[in-house]
Amino acid sequence: MYEFTYHRPATVDEAIALLKSADDGKLLAGGHTLLPTMKQRLASPSDLIDLGGALATGIDVSNGCVTIGAGTCHADVATSSDVANAIPALAKLASMIGDPHVRNKGTIGGSIANNDPAADYPAACLGLGATIVTSAREIEADDFFTGMFDTALGDDEVITSVRFPVPAKAGYSKFPNPASRYAMVGVFVSSAKGGIRVAVTGAGPCVFRQGDMEAALEGDFASSAIAGVTQADGDLNSDIHASAEYRAHLVGVMARRAVDQATG
Amino acid sequence: MTDTGIGARVRRKEDKRFITGHGNYTDDINLARQTYAYFLRSPHAHATINSIDTAEAAKAPGVLGIFTGDDLAADSIGGLICGWLIHSKDGSPMNAGGHPALAQGKVRYVGNEVAVIVAETHAQAKSAAELVDVDYSVHDAAVDTGSAQASGAPQVHEEAPNNTVYEFGLGDEAATNAAFEGAAHVTELDIVNNRLIPNAMEPRAAIGAFDQGTDAYTLYTTSQNPHVARLVLSAFIGVAPEHKLRVVAPDVGGGFGSKIFIYAEETVCVWASKKIGRPIKWVAERSESFQCDAHGRDHVTNAKMALDKDGTMLGLRVKTIANMGAYLSTFSSAVPTYLYTTLLSGQYNIPAIYAEVDAVFTNTAPVDAYRGAGRPEACYVIERIVETAAREMGLDPADLRRKNFVTEFPHVTPVIMTYDAGDYHASIDKACEMIDYSGFGKRKAASEAAGKLRGLGFSAYIEACGIAPSAAVGSLGAGVGLWESAEVRVNPTGNVEVLTGSHSHGQGHETTFAQLVSDKLGIPVDQVEIVHGDTDKVQFGMGTYGSRSGAVGMSAVYQACDKVVAKAQKVAAHVMEAAEGDIEFKDGSFSVAGTDKSMAFGEVALTAYVAHNIPEGMEPGLKEGAFFDPSNFTFPAGCHICEVEVDPDTGVTQVVDWVAVDDFGTVINPMIVEGQVHGGIAQGVGQALTEGAVYDTESGQLLTGSYMDYCMPRAVDLPELRLAFTETTCPSNPLGIKGCGEAGAIAAPAALMNAVTDALGVADMPMPASPQNVWAALQGAKQAAE
Ligand SMILES: Cc1cc2nc3c(=O)[nH]c(=O)nc-3n(C[C@H](O)[C@H](O)[C@H](O)COP(=O)(O)OP(=O)(O)OC[C@H]3O[C@@H](n4cnc5c(N)ncnc54)[C@H](O)[C@@H]3O)c2cc1C
């Protein structure tokens with residue numbers, strides 16, 4: 001790790017001011033993505049602005065929405081009875097992230113801001129049609145995840161909370177990478193007033209919606225409805241753990257299992 | 001009588017300090033004025049070093065010194081060695097190629113040591129390393145095992161044309177050819193034994209310290225064999241004379257072979273400590289462990305077995321290409337030759353065997369012994385081909401094995417081993433009973449009803465352990481003898497210190513060796529202290545690997561105990577005024593037969609040290625040493641059976657049952673032996689189900705360089721392991737011990753892959769049986785059926 005200056009602001013505004021004045025400042029939430037990168041000397045921020053004292057933590061369920069403070073750790077979401085009652089698939093997803101250390105430090109804000117192509121939360125955001133609330137505005141999930149490790153966030157913008165509308169039914173099925181346990185393929189499905197959503201993470205360079213499956217499920221929200229729908233492998237990731245062809249196959253399997261879970 | 005003797009489930013004495021964080025590992029040791037080393041490593045798999053400019057780095061904060069291969073050469077420090085000379089079929093010696101501790105002229109794999117930076121802190125050394133300017137001319141890399149010898153392949157060492165280290169052969173080629181000519185059935189398999197990365201929990205580490213007052217060096221290091229390290233560093237590498245070099249291997253957190261070898265880093269730390277005038281510490285980062293610890297396995301093999309029409313084995317022919325990596329590591333040359341081809345007969349009576357092994361250099365990390373070392377590869381070949389032959393011929397795989405088992409001992413195989421004792425029917429029968437072999441069809445049907453594919457696989461393994469008879473290995477090219485030493489020091493108060501040349505790095509010697517002494521001398525284990533791992537304390541010894549510490553190390557302790565008892569008996573006879581022949585030693589007490597006169601062991605010890613009343617001419621004291629050289633290898637053997645369920649939708653394989661019936665001869669502590677079997681199976685399951693080192697075949701970059709990509713087995717990957725023991729006594733050591741440290745890792749991969757291929761209905765598929773590989777095999781089978 002290289003040397004850096006550490007700050008711990010008390011408010012989000014202060015954090016933004018520090019970010020603006022720093023040479024090459026970085027926000028720090030749970031640190032479970034950022035710190036390993038710094039230790040490997042792949043990142044060398046001049047200033048580290050710890051959001052620990054500034055960000056809202058906690059979960060609120062009201063007006064048909066689950067709102068999670070950006071600083072809330074995965075373990076809190078996984079074990080929240082409010083989340084389990086409102087959107088059980090979301091609690092389940094959080095429980096499948098990493099290991100206990102990761103879940104007790106990593107935050108939803110950090111996960112979404114980082115937008116790792118194999119992360120779990122982006123699937124929930126896109127699969128539920130969440131709204132990402134930032135220091136400056138509200139961004140729909142459909143517009144937020146713009147590419148590999150890339151989001152619609154501006155340079156000095158901080159995620160403050162994420163708002164998930166409660167669906168009628170939802171399910172998440174994850175095929176973990178055998179080594180890292182990140183999602184090699186994860187599919188989040190939901191059925192709500194606004195329609196059907198099928199969001200796929202891990203398979204491509206960025207989380208995406210599977211339109212063919214959404215259309216097939218529109219009339220009949222059952223796994224049998226997508227039995228014949230195939231995922232094209234052209235744009236999918238390929239690595240030592242899974243070829244694009246295998247990932248495409250798993251998208252189908254995981255989608256069916258997610259629907260079974262949602263309807264089961 | 002103590003209840004802590006041979007056969008007792010004594011809790012491990014060493015665990016208290018390990019579990020409560022009081023272990024003393026190399027990195028726990030900090031010397032006054034200690035400095036830190038960071039190794040600048042090659043980012044290229046294959047390149048010529050045109051120049052190294054250290055000027056900027058030398059000015060960086062905290063930097064005390066920077067050294068390169070030129071500095072080693074200037075001090076006449078020799079290269080790292082390979083201690084086993086293998087000859088090719090044509091009689092020529094192997095083509096070794098030099099292995100300087102810091103690269104000289106060329107780098108040959110990603111991670112190859114280029115320079116060492118010594119600084120006040122580790123962070124300073126690492127930062128300074130970024131300022132060292134190395135000018136490389138990058139060459140194409142030879143990476144793939146199977147094509148390393150192809151014409152036009154990049155050449156790793158000038159000394160080894162076509163990257164060929166040796167072309168080894170063992171067995172009778174003509175007899176084997178003849179066996180195939182008459183055969184009713186020939187089974188052929190092309191199999192790959194995947195490359196593994198050892199992953200001991202404690203990374204390698206070293207502290208080199210030079211004492212100007214005594215002109216002597218001390219090296220603290222993570223070694224399985226500190227005396228061998230000292231011998232190599234002094235006699236071959238020339239860092240310091242043997243009597244001026246102390247090597248200490250304190251608590252060591254796992255080795256699995258990877259800490260046998262004498263590596264560049266400890267060599268450089270000890271040498272440079274004199275140049276810097278201060279102690280130098282180096283601790284591997286985990287990514288360095290992945291890149292630079294010697295890897296294991298990596299064979300590409302074609303095997304053919306000839307059988308007559310009712311399944312009697314007639315002959316076996318094996319051709320293997322073994323990847324040695326970029327340099328020959330300490331024992332690497334022996335692994336695919338004398339530790340591999342010699343076990344290809346398995347548990348079977350095969351009249352003719354011919355095996356050829358080409359060892360090849362590639363631009364990858366050196367490959368050397370890793371838990372099982374050669375024997376897992378041999379077991380994999382023979383047990384996969386036997387299972388395949390049974391399937392092809394429509395024979396029951398258990399019956400085909402039974403039909404061909406060796407049943408008479410001693411049995412000389414066509415590949416120079418003399419099996420001394422065993423009962424292979426007993427272990428397969430017991431294993432079949434435990435797994436309910438006859439009920440498999442029902443279980444398969446039940447799995448099928450649940451949409452799963454079920455398979456069952458055998459592995460009737462044998463290994464050669466207790467390494468090894470010195471003269472025998474000497475005749476095969478070993479540079480050292482493989483006996484073991486012990487000294488048993490009885491203190492005046494009657495408790496005992498045992499100095500052993502064996503080294504414990506997880507095996508529990510402090511418990512099992514104490515149990516042996518407890519049994520022999522009739523004193524409780526807590527009266528026995530096991531001392532190991534320090535060349536200043538312990539007489540020369542050969543260390544721990546090859547499942548040798550029980551069979552060889554303990555046998556030395558056994559002999560030393562016998563000498564102690566013999567002397568004590570004389571003292572007791574003298575004090576009790578009886579004839580020596582009338583003294584009986586039992587349960588820690590010397591008594592005169594037919595009388596009620598007796599002396600406790602401790603009393604006799606005190607008498608020997610006080611020396612007021614000992615036989616005339618006898619030297620005072622009670623301390624005896626022994627060197628034990630076994631008369632043969634030992635041959636642990638047994639039968640593992642596993643069952644798997646495969647999810648055809650995803651390719652996920654779940655191991656649902658595992659039985660292991662092992663014959664280890666005498667068992668000192670069943671709990672510890674079970675632990676060894678559990679760990680061994682877990683490592684074997686790791687190889688077959690999850691692990692595999694992958695290099696980019698073009699660039700030679702290690703793609704599995706962290707736990708993000710290198711998949712270690714986890715607890716969820718294993719079922720409840722069900723173990724049993726059968727016992728035939730080993731005749732080549734006084735305790736009848738065969739050894740248990742490697743068995744699980746040797747047996748497991750074949751059992752698992754036999755089960756997976758059974759479930760999938762395919763002839764072969766590559767290890768590991770990862771979801772992707774299993775799914776691909778299923779797709780292949782589907783296409784073949786269409
Ligand atoms: C061993 C291991 C296993 C893991 N397994 C999984 C897994 O299975 N699934 C999975 O999804 N993830 C996994 N993770 C990642 C984990 O969930 C991370 O914690 C998460 O991705 C990042 O969250 P963080 O709070 O740690 O963010 P940090 O590491 O602190 O920050 C990450 C990035 O986000 C930025 N950032 C943080 N908070 C905000 C904010 N409020 N507003 C704007 N930008 C912000 C930071 O500047 C930084 O660039 C794993 C991590 C580890 C170490």
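This is a predicted model: local features need pLDDT of at least 70, side-chain atom pairs count only at pLDDT 80 or more; totals for chains, interfaces and linings use all residues.
Ring pairs link Tyr348(B), Phe405(B), Phe409(B) and Tyr424(B) into a cluster. Rings of Phe, Tyr and Trp, the last by its six-membered ring, pair if their centres lie within 6.5 Å; planes under 30 degrees apart count as stacked, over 60 as edge-to-face and the rest as tilted. Residues are numbered from 1 along each chain as its sequence is written, chains are lettered from A and ligands numbered from 1 in the order in which they are written, and side-chain values use heavy atoms, with hydrogens and water left out.

Over all chains, the count comes to 25 aromatic pairs. Among them is the edge-to-face pair of Phe144(A) and Phe145(A), at 5.0 Å centre to centre and with 80 degrees between the planes. Are these two residues buried or exposed? Phe144(A) is buried, at 0% relative accessible area, and Phe145(A), at 9%, is buried as well. Buried means under 20% relative accessible area, exposed over 50%, and partly exposed in between, with a 1.4 Å probe and protein chains only.

Let us turn to the nonpolar cores. Such a core is a set of buried Ala, Val, Leu, Ile, Met, Phe, Trp, Tyr and Cys residues joined through side-chain atoms within 4.5 Å. The largest has 157 residues, and those touching the most other members include Met305(B), Trp658(B) and Leu752(B). Which helix gives the most to this core? It is α18 of chain B, residues 743–760, with twelve residues. Helices here are DSSP runs (H or I, at least four residues), as are strands (E, at least two), numbered from the N terminus. A separate second core of 47 residues includes Val498(B) and Ile737(B).

Next, a helix pair. In chain B, α15 (residues 549–575) and α16 (residues 601–610) pack at an angle of about 85 degrees, with their axes 9 Å apart. The two are therefore roughly perpendicular, a term for angles of 65 to 115 degrees, whereas under 35 is roughly parallel, over 145 roughly antiparallel and the rest oblique. Axes are lines fitted to C-alpha atoms, for helices over the stretch in contact, and angles run from 0 to 180 degrees between N-to-C directions. Contact means heavy atoms within 4.5 Å. Residues of α15(B), including Val564(B) and Ala568(B), meet residues of α16(B), including Phe601(B) and Val604(B).
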